[in-house]
Amino acid sequence: MSQIYSFAGENEFYRRGAIYPNPKDASLLLSLGSFVDVYFPPSKRSRVVAPTVFSSFEKKPVSIDVLPDECLFEIFRRLPGPQERSACAFVSKHWLTLVSSIRQKELDVTSNKTEDCDDCEGCLSRSLDGKKATDVRLAAIAVGTAGRGGLGKLSVRGSSSSKVSDVGLRSIGRSCASLGSLSLWNLSSVTDNGLLEIAEGCSQLEKLELNRCSTITDKGLVAIARSCPNLSELTLEACSRIGDEGLQAIARSCSKLKSVLIKNCPLVRDQGIAALLSNTTFSLAKLKLQMLNVTDVSLAVVGHYGLSVTDLVLSGLPHVSEKGFWVMGNGVGLQKLNSLTITACQGVTDTGLESVGKGCPNMKKAIISRSPLLSDNGLVSFAKASLSLESVQLEECHRVTQFGFFGSLLNCGEKLKAFSLVNCLGIRDLTTGLPASPHCSALRSLSIRNCPGFGDANLAAIGKLCPQLEDIDLCGLKGITESGFLHLVQNSLVKVNFNGCSNLTDRVISAITARNGWTLEVLNVDGCSKISDASLVSIAANCQILSDLDLSKCSISDCGIQALASSDNLKLQILSLAGCSMVTDESLPAIVSLGSTLLGLNLQQCRSISNSTVDFLVERLYKCDILS
């Protein structure tokens, strides 16, 4: 015992080491009883270190994380419903991947759907664009929408930075059985395997759009055809590996097909088009064939089997000749055709277009553009044959002259309501009068755009032939003078567009507004530099229901704007003052007054209006969209 008490200082106490080798045994000192007094010298308390026996326990992961994927899969598929699975899926990407890989048929049969989900099944719509288009986001959409009614429409538009592959489509295919519409754009990493997953899991698919999907082949389209019999709309654009085999499969299996658009698919030939038309004779209503390597055979098939076709678009078909259009017109199958659009087809000649007109007796709308071989004779013959025509548009048909234009007006029949000429350089001004003929009493809309030869004599003839015109669009016609415009004053005009007509004057606007003040709703004089404040004074005094006024690049000033604001009847909703350099900050009170009804105001390139004025207008006119 003497050795215990003979210590020199704090450091010499227990100098031979601990009494108990194991630190845990130090607790045995308490078992000596209360009658034993033990002396502990005052010393700094040593740091307590956690026993090493617990270190191995802390490094062990949570037990559920060490479960193999097979076990997690079984757990997830037995959850009560989609909302519970969705909650689990958002714990981690790993769990999201597992949940999204569960097919609908693999779910526990005891899981019940809620009544709300049954009522709105497939009602949700989702869209991913650019960088947002990834496999992870598609998996999240697949799982998240499953518990909220189900995904009905999905659009994925990729880019060079998009990361969508077959894995993303697999998630959609396995979780979204209610998917009815799928649109895939510019997805080079999506292959047939992704489309196979969609086909297997989304049998209710009704609309499919594939645009610039270069790695999808006929195999993917065949899978869709076999598994999705309700397909009614198909769009294939710039799909370089899809050809006749895929279209033949669609034709055999999808009898409900109503709309087909095929554009820039080099492997699509006559066999695919023939199979498509012959098997959907009584269902196909809309057909668009653009930039394809088809020949006259395809147009012959359209003319024979297109019994239900109401809308037909033929564009960029270099291998179709006059014979193809002639046979299509004589096929007598396009009796229900309502709208026809032909663009950049070298086979459109006078004979071919006349045949089409005869073979489509119920056609109401015709758009013919970029047809260099069409002349006056063909246009007039087409007008005579198509007695049901209500709207005609010609664009870049340079062999058509003023005689073809007026000839078609006189021969189109009593149903023609709208006629449009765009960029037709063969149009010139009349030098002789027109023969006596009945008025075109049904024509309500006339559009002449960028036809530089169109002059005053033509407008004078139109004023006599078409007394019921309501909508006039004369754009970029610099050859028309004041006297030519005045021939249109007697009509009850509703919409007037004189954009780019540099010879338009205040006198014309004053005459039009004085005569048509109670009918005029839209007036566009953009770029008419001779229009000044006098026109605005006339507009303010006469126009009662004008709602849209475009004064861009006109010679108006603050006085004109104040005149508009002083009108008690004028209730403008759209006002454009773009490029009006003489309108300044002095017009602020007038613009604020007009702003009580304005929904849109364009102040772009108004250099005399300061930023502070624009900021004030933005704050004050909170209901109005302001461009500056």
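The buried residues of helix α10 are Asp218, Gly220, Leu221, Val222, Ala223, Ile224 and Ala225, where buried means under 20% relative accessible area with a 1.4 Å probe, protein chains only. This is a predicted model in which local features need pLDDT of at least 70 and side-chain atom pairs count only at pLDDT 80 or more, while totals for chains, interfaces and linings use all residues. Residues are numbered from 1 along each chain as its sequence is written, and side-chain values use heavy atoms, with hydrogens and water left out.

Helix α10 spans residues 218-227, and because seven of its ten residues are buried, the helix is largely enclosed by the rest of the structure. Those buried residues pack against α9 (192-201), β4 (207-211), β5 (233-237) and α11 (244-253); contact here means heavy atoms within 4.5 Å.

For the protein as a whole, I count 24 helices and 20 strands. These are DSSP runs numbered from the N terminus: helices are H or I, at least four residues, and strands are E, at least two. Of the 628 residues, 49% are buried. Among contacts with a separation of 6 or more, 81% join residues 24 or more positions apart.

I turn now to valine 522, which lies in strand β16 (residues 522-524). Is valine 522 buried or partly exposed? Valine 522 counts as partly exposed because its relative accessibility is 23%, the class between buried and exposed, the latter being over 50%. Leaving aside residues up to four places away in sequence, valine 522 touches Val494, Lys495, Val496, Leu546 and Asp548. Its C-alpha atom is separated by 6.1 Å from that of leucine 549, 27 residues apart along the chain.
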